[in-house]
Structure formats: C-alpha cells, structure tokens
Amino acid sequence: MKISSHAVARMLGDWREGPGPAHQRLSDKLRLLILDGRISLGAALPSERDLAAVLSSSRTTVGTAFRTLVEQGYLATRSRTRATVRLPGDTGSERPVGTDAETVDLSFAAPAAPVEVLHAAFAAALEGLPRHFERHGYDRFGTAELREAVAHWYQRRGLPTRPDHILITNGAQHALALLARTLLSPRDGVLIDHPTYPHAMTTFVQARARLLPVAVTSCGWDTEQLQAAGRVADLAYLIPDFHNPTGLCMPAGVRRRLRLACPVVVDETMADLALDVPSPEPFALHMPTAISIGSVSKSVWGGLRIGWIRAFPPLLERVEKTRPATDLGTPVVEQLATAVLLNEQRTRRPDTLQQLRTQRDFLRRALSEQLPDVHVLQPSGGVTLWATFPRPISSRLAAVAPDHGVTIAAGPRFGVGGAFERNIRLPYTLPPSQLASAVRRLARAEQALSHGATGTHAPAPIA
C-alpha cells in the first residue's frame, strides 16, 4: 500500500515544534506514527523529494530522517523503490513496535481476563451449544439467549428493553462501523466528544464523514455547545459513561437537559466500571431515540469480542441488511458465554472494581511523586487517567518512551488536527509493581526530552 506525501503531511501535523534538529523531530514523529499504527506495516512511504516538497522542507532533512528510521529498523529500503514500514528486529513478534519483553505497555487500556469466571461461562456455553446444532448458525441479529440477556441488563439499569431492541455484533467497534455504514453518507457531519476514542474517529473518516469536535474539558460537557453542534450535524457519537480517555462521567442533570436534533450514538462500553459513584443512568432514559452500543471488552475481557446495538427495531432491520458486506453473524459459543456472564451479573464484579480503584490511586500517587508537574483528572470510573503536562511534548514523549522501556498513547491520537499535545492517556489496568516501573521510566523519558535527548538512541536501562 502506497501512502501519498499529502497523507503523511496531514498525519505529521506541526512536526517542527520542539528542540533538536529538524531531521530528528521528523524521524521521531514518523516513528510515533508507526508506533501508533497510524502508518501501517508494509506501507510504502512517498519519495524523499515528494515529501520534502509537500512539507516545505529540504530533501536533506527528509533523507536524514529516513536514514535514521532505517538504522533503527523502522524502514526498509531497496534501490529505486519506496521506503517501506517494518518492525525493528523480529518482524514476527507480537510485541508492540519498539518494545522488548520487559517493556511496560501502557498503550492498551485492557483489563486482565478473570480466568475462573470465563472458564465457568464457557463451560456453561458448551453445555447449551447442542441446542443450536440444528440451526444454520448465521443469525445476523444474534442468538435469542444473548439478546434476552442484554435486554435484561438494560432493564436492571432501569431502561425497559425488549430482545427485539437488540442486535449482537463482534464488539462495540463493529457495532459503530455497522451504524456508520447504515446512517452516514459522504460529507455528513459527525459530532464527537473532543478528545474521544481514536478508532471511532477512524470509522467516521473511513465513511468519508466530517468530524465536528465539541470539547470535553475538566469541567465536563458543555450542553449549549453540544446542542448548537447537533443542529448542523447528521450524527452524534458520545461517550457519557466514564469517557475514554478522560474517565469523566456525564452528570444526570446534563443527560436530562441534553436534546440533540440529530441521531445520537451513545457508547456505553464502560457503564459497568463505576468506581466512586453509582452506575450511571442509561442515556436512553432521557433521550429515548438514542442508539446505544455496548460490549464486554472492558468489563470482562478484551478477547471476548461480543458487543451489541440497542435501538428501535426498524433501525436494527436496516443495520441487519448492511451486515453481509462485512460478516454473516457473531460466533455462537461466545454469545452463549456472554449471556451467562450478563445473567449472572459478572460484568460488574466487586473484587475487580476494588482492584481498579487500588491501581488507579496507586498510579496517581506514583505520578505525583515522579512527575509532580503533571496534572491528572480524578476519574470516577473506567480504566484510564488523562494526564496533562505543562509543555506540549506528548508526541515526542511517546516517540522516545520505548527507548526507556515503556510505551504510551500520545494525546493527539484522541483528537483532531494535532490537538492534545500536552496530554497522554495512562491506563491503570496493570498491577501496582508494573505501574510503578512504568512511571519511573516515563519520568526518565520526560527528563531526557527536557535535556534535549530526543532520542535515537541507546535504550536506557530497564528498571
């Protein structure tokens, strides 16, 4: 796959900011794009001449940056061909780019699997599987067992729901992609929280929609701005329940007042992860036309790729008709296991919530000790902290952090147009010992930036 010089330039944003020579800033930013997966493995970069022209830079600067990435193992070159993106070292490794076995990975916000709970759920699912053997297994709405279980999950939260209000998907991201394909046309405007979930933005961009960001600040959501944007948007995507990445929860008063003129998709993936407050009310209690999506990837395990859409049946019928373009249904065994988990209320486990509280508080203390100038919001639920640095160093920090034994998600991944260069997202899903090590390494990386060592690049000692 070839990437145009204009596409690379858009992803680079304002790469010239920061200390050090221009070629080093450019190579660091390109390396970050590879680390984040925004430039995919095997992609062919534009020629040095073309990229230099679009960036209004010298060919020497671009050529030196490319050679640095070749030396580090991020690019491969052959005579008279474009440079292609690769991994350093073993390209078959499943570890993140630029990491080794001892690197602490803070780029994923994923809890560990509850082994005994999952074993029991799948054992029960296998017992019930024979009931489905006489069916073809291609149910694009989902099994009756799971649709009933999801409906009961909403009913326990106070929202009357019938099984025919539910369509089962392969995770919440799949649900969002199906809705985008069903509801959006090219150039439609999509209102989004800003910052927001990166893969949601990718979904809307791939649908050729226009993103209309509305700020989520430390004070939360601005009702007036949301309603104003909703009057010109064709769709809205909101994460009111322990927002990713900030961890904020939309207050009940805002939910009651908010009325948007466009269709609203509400991501409830984090709804069962309330740590300091009661579980939030379903958004559709106050906006009955809201389209809800959910999954068990955060409340149970990321490897259980089961999600759903809650909406009125006519919309679900439209979604079902678009589905064969990508898949023919969700695996039956996983659906039956998820039904067991929901019916036994295993998506909200007190021991797991207490563990997350402990890890969250530990991470905040470690940051205050090692990086005292960093401001961190106190999330009342979810799995991530949103940290704000006093300087706009997020992308450069993410680029050099692997050299110090930690990988992080830079703030601009969660925004539009290079926003949030002062922010990084830090999950608290790892044990305290790993979080302590990660923060020490992050502090070393930040110190290296402060002293102009932006990194190419002997790795720092692992601690």
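The side chains of Ser-437 and Arg-441 are joined by a polar contact of 2.9 Å (a pair of N or O atoms within 3.5 Å, where within protein one must be able to donate a hydrogen and the other to accept it, and residues adjacent in sequence count only if both atoms are side-chain atoms). The model is predicted, so that local features need pLDDT of at least 70 and side-chain atom pairs count only at pLDDT 80 or more, while totals for chains, interfaces and linings use all residues. Residues are numbered from 1 along each chain as its sequence is written, and side-chain values use heavy atoms, with hydrogens and water left out. Ser-437 lies in helix α15 (residues 432-450) and is buried, its relative accessible area being 6% (buried means under 20%, exposed over 50%, partly exposed in between, with a 1.4 Å probe and protein chains only).

Helix α1 (residues 5-12) packs against helix α2 (residues 22-35) at an angle of about 95°, and their axes are 10 Å apart. This angle makes α1 roughly perpendicular to α2 (65 to 115 degrees). Val-8, Met-11 and Leu-12 of α1 meet Leu-26, Lys-29, Leu-30 and Leu-33 of α2 (contact means heavy atoms within 4.5 Å). By class, this contact has 6 nonpolar, no polar and 1 charged residues.

In helix α4 (residues 59-72), the end C-alpha atoms are 20 Å apart, in agreement with the 20 Å that its 14 residues should span at 1.5 Å a residue. The buried residues of α4 include Val-62, Phe-66 and Leu-69, and their cover includes α2, α3 (48-55) and β1 (75-76). Just after α4, Gly-73 takes a positive phi of about 95°.

Key:
Axes are lines fitted to C-alpha atoms, for helices over the stretch in contact, and angles run from 0 to 180 degrees between N-to-C directions. Helices (H or I, at least four residues) and strands (E, at least two) are DSSP runs, numbered from the N terminus. Angles under 35 degrees count as roughly parallel, over 145 as roughly antiparallel, 65 to 115 as roughly perpendicular and the rest as oblique. Ala, Val, Leu, Ile, Met, Phe, Trp, Tyr, Cys and Pro count as nonpolar, Asp, Glu, Lys and Arg as charged, and the others, Gly among them, as polar. The expected span of a helix is 1.5 Å times one less than its number of residues.
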